[in-house]
Amino acid sequence: MSEPILTATGLTIGFPVKRGIIFQREVARVQAVDGVDLTLHQGETLAIVGESGCGKTTLARGLVRLRDIDAGSITFMGEDITRQRGRPLSDFRRQVTMIFQDPIASLDPRMRIGQSMQEPLDIHSIGMPAERKRKVQEAMERVGLNPEHYNRFPHEFSGGQRQRIGIARAIILEPRVIVCDEPVSALDVSVQAQIVNLLEDLQRDLGLSYIVIAHDLDVVRRLADRVQVMYLGRVVEQGEGEQVYNHPRHPYSKALLSARPIADPKLARSRERIVLQGDVPSPIKPPSGCRFHPRCPVAQASCSAHDPRLEVAADGHGWACAYPLAP
Amino acid sequence: MNAVDWRAGALRFLVLVLFLLAAVGVLVVVFYTAGRPLRPAISAGAGVVGFAMAMLGIGLLAWSRRGSERVTGATAFGAMALSVPFLVAALVV
């Protein structure tokens with residue numbers, strides 16, 4: 001395995017809950033990401049999965065420094081970028097870009113897409129104006145868009161085309177890492193397949209590393225080399241894609257996988273379904289002990305007192321459960 | 001965790017007061033240019049802002065009673081208290 005390109009250690013990101021308007025008082029804190037460790041290698045795809053509200057997007061935004069980090073550190077190519085500002089942060093953002101979930105919201109409706117895609121080049125002062133336009137048109141061609149559509153507005157494109165624009169904008173700075181925040185969840189299935197293929201092609205051609213945030217487990221299975229499963233701001237299981245998919249050890253991972261729709265009705269009827277009881281607990285006041293214990297189908301009495309840490313075995317498969325499932 | 005950030009609070013309060021005074025100033029100019037004498041124009045300007053703050057306070061009180069995470073009774077009564085000097089000024093000038 002190559003050297004890690006991006007590493008996060010004990011990453012903690014929270015949001016204050018405030019009372020009052022003029023004289024504000026912090027009454028609680030939503031711990032959206034709580035002590036997450038993460039390592040991404042060159043050319044690798046790391047997927048982060050979990051249900052809505054588990055902190056995936058906050059983690060993604062924290063990794064590209066779009067959110068302030070409360071604790072922990074982020075290292076990019078050996079350099080600590082956790083508290084950097086100004087020029088070093090700008091250089092980091094040139095190397096680590098992001099594809100956003102909603103292709104409509106991520107594009108300015110008043111800007112022509114050529115301008116939108118050229119903006120990163122303007123910000124980082126890359127090339128002369130004529131050269132920038134050529135670079136934009138090359139990026140458009142690379143993602144399967146017609147370069148003649150340079151002067152069109154976002155509303156003149158379909159959802160899939162808009163996501164291609166978002167991808168072109170992410171690759172135009174020739175980054176090393178792209179953080180994809182649910183890149184296909186806003187698209188229909190046939191377009192999803194096109195975008196997944198495009199991401200794979202770009203990774204092969206440009207040697208990119210991806211962090212893919214998703215809740216579509218089939219997309220993750222196709223794209224990811226390694227998977228981290230998040231629950232209530234923490235990583236509960238991690239490992240190679242096949243380890244997590246075929247031999248989940250954490251009950252939450254198993255429940256998540258069992259909720260995946262299967263196209264074959266016979267197969268769907270024959271498989272074991274685990275339906276979790278209750279809602280996700282509030283991240284303001286998480287349960288004592290193991291955070292998953294109130295919903296866990298195999299919870300024991302000690303689970304409410306003992307908070308299991310993520311133990312990673314030599315093969316890279318790790319889980320945070322005192323009573324893991326049999327492989 | 002539970003401490004009030006007094007410095008930021010004082011700054012926000014100052015900005016609010018300046019905004020209200022500026023609003024009174026704008027209204028005075030509007031009434032004066034519409035042909036009212038200066039003192040009735042000041043009275044009307046302060047009265048409008050004071051009345052608006054009092055109404056805002058009542059609204060915030062209703063909001064806080066309904067169970068808001070952000071708006072408290074203190075916020076609502078604070079807004080009402082802030083309306084008092086403006087209403088007094090409207091009556092006295």
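**Note on the A/B interface and the chain A sheet**

1. There are zero salt bridges between chain A and chain B. The model is predicted. Three residue pairs make polar contact across the two chains, both partners at pLDDT 80 or more.

2. Strand 2 of chain A supplies the largest share, five residues. By class, this side of chain A has six nonpolar, two polar and five charged residues.

3. Now the extent of the interface. Contact involves 13 residues of chain A and 17 residues of chain B. Together the chains bury about 1400 Å². Carbon and sulfur atoms account for 57% of that area.

4. Next, the fold of chain A. Eight strands make an open sheet with mixed pairing, in the order 6-7-8-3-9-10-12-11. Strand 6 (96-99) and strand 11 (311-312) of chain A each have a single partner strand, so one side of each lacks a neighbour in the sheet.

5. Within that sheet, strand 3 (residues 45-49) and strand 9 (residues 226-231) of chain A run parallel and are joined by four bridges. I48(A) sits opposite Q228(A) of strand 9.

6. Helix 1 (residues 56-63) of chain A packs on the sheet. Helix 1 touches strand 3, strand 6, strand 7 (177-181), strand 8 (209-214) and strand 9 of chain A. Its direction makes about 155° with that of strand 8 of chain A.

7. Helix 2 (residues 86-95) of chain A lies across strand 6 and strand 7 of chain A. Helix 2 runs at about 55° to strand 6 of chain A.

Technical notes. Residues are numbered from 1 along each chain as its sequence is written. Chains are lettered from A and ligands numbered from 1 in the order in which they are written. This is a predicted model: local features need pLDDT of at least 70, side-chain atom pairs count only at pLDDT 80 or more; totals for chains, interfaces and linings use all residues. Side-chain values use heavy atoms; hydrogens and water are left out. Contact means heavy atoms within 4.5 Å. Buried area is the accessible area (1.4 Å probe) that two parts lose on being put together, summed over both. A salt bridge is a side-chain nitrogen of Lys or Arg within 4 Å of a carboxyl oxygen of Asp or Glu. A polar contact is a pair of N or O atoms within 3.5 Å; within protein, one must be able to donate a hydrogen and the other to accept it, and residues adjacent in sequence count only if both atoms are side-chain atoms. Helices (H or I, at least four residues) and strands (E, at least two) are DSSP runs, numbered from the N terminus. Ala, Val, Leu, Ile, Met, Phe, Trp, Tyr, Cys and Pro count as nonpolar, Asp, Glu, Lys and Arg as charged, and the others, Gly among them, as polar. Two strands pair if DSSP finds at least two bridges between them. Axes are lines fitted to C-alpha atoms, for helices over the stretch in contact, and angles run from 0 to 180 degrees between N-to-C directions.
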